[in-house]
Amino acid sequence: MNSPRLTNPRPKTRWAWAVATFFGAGLLKPGPGTYGSSAAMLLWVAAAHVWHGTALAVGTAVAALAALIGIPAATIVAREAGREDPGFVVIDEVAGQWIALIGVRPDWPHALLALLLFRLFDIWKPWPIRRLEQLPAGTGIMLDDVAAGILALAVGLLLGRWV
């Protein structure tokens, strides 16, 4: 007996899927968001050691670029996948994680603190972060994580004074 092949009637937009899944990190299980955040943190650690004095500017630029490119990519992938906020879209975690790392000392303890804080606020989504999910398409997918990154950055900078 032949089983029917499941096909997507729309062609997948390759650039959007590559960006939205952060080149496949979002396809890893379990916890694709943690994989996306961890990949972003590892790239940040490497970049912070290369761009010593300009890490703040580079980090800010990368976070902004991820958010700006992530909105249309997440919109396209959500539409093509037929899901409102697919778990495998992790470019939002990448942008939020890089925001959480802005201004953090470029060492492992502070990078891990930023990772833990970002994941906490991304999963918990305290008010008003949860409300941002209600924005349409890729904007809602991205902005709740951007807000979680900003909150993680603020708390991380405060805690970083004592850690």
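The largest cavity in this structure has a volume of about 40 Å³. On a 1 Å grid over the protein atoms alone, a cavity is a set of points where a 1.4 Å probe fits but cannot get out, while a pocket is an open set with protein on both sides within 12 Å along at least five of seven lines. Lining residues have an atom within 4 Å of a point, and a volume is the space filled by probe spheres set on the points, which are joined across faces, edges and corners. Keep in mind that this is a predicted model: local features need pLDDT of at least 70 and side-chain atom pairs count only at pLDDT 80 or more, though totals for chains, interfaces and linings use all residues. Residues are numbered from 1 along each chain as its sequence is written, and side-chain values use heavy atoms, with hydrogens and water left out.

So who sits around that cavity? Its lining is made of Ala-100, Val-104, His-110, Leu-113, Ala-114, Ala-152, Leu-153, Gly-156 and Leu-157. Helices here are DSSP runs (H or I, at least four residues), numbered from the N terminus. Seven of the lining residues are nonpolar, two are polar and none is charged. For this sorting, Ala, Val, Leu, Ile, Met, Phe, Trp, Tyr, Cys and Pro are nonpolar, Asp, Glu, Lys and Arg are charged, and the others, Gly among them, are polar.

Let's stay with one of these residues. His-110 belongs to helix H5 and is buried, with a relative accessible area of 7%. Buried means under 20% relative accessible area, with a 1.4 Å probe and protein chains only. The His-110 side chain makes a polar contact with the side chain of Asp-107, at 2.6 Å. A polar contact is a pair of N or O atoms within 3.5 Å; within protein, one must be able to donate a hydrogen and the other to accept it, and residues adjacent in sequence count only if both atoms are side-chain atoms.

Now for the pockets. The largest pocket has a volume of about 260 Å³, and 16 residues line it, with Phe-22, Leu-43, Val-62, Val-94 and Trp-98 nearest its centre. H3 gives the most to this lining, with six residues. By type, the lining splits into 15 nonpolar, one polar and no charged. The second largest pocket comes to about 200 Å³. Of its 18 lining residues, Gly-87, Val-89, Asp-92, Glu-93 and Asp-122 are the closest to its centre. That lining has five nonpolar, four polar and nine charged residues.

Helix H2 is worth a look too. Among its buried residues are Gly-33, Ser-37, Met-41 and Trp-44, and the buried residues of H2 pack against H3, H4 and H5.

Finally, find Lys-125, in the loop between H5 and helix H6 (129–132). Is this residue buried or exposed? Lys-125 is buried, with a relative accessible area of 12%. Leaving out residues up to four places away in sequence, Lys-125 touches Leu-120, Arg-130, Glu-133, Asp-144 and Asp-145, where contact means heavy atoms within 4.5 Å. The side chain of Lys-125 makes a polar contact with the side chain of Asp-144 (2.7 Å), and a polar atom of the Lys-125 side chain lies 2.7 Å from the backbone oxygen of Asp-122.

Conventions. Helix = DSSP H or I, 4+ residues; strand = E, 2+ residues; numbered from the N terminus. Buried < 20%, exposed > 50% of the residue type's maximum accessible area, 1.4 Å probe, protein only.
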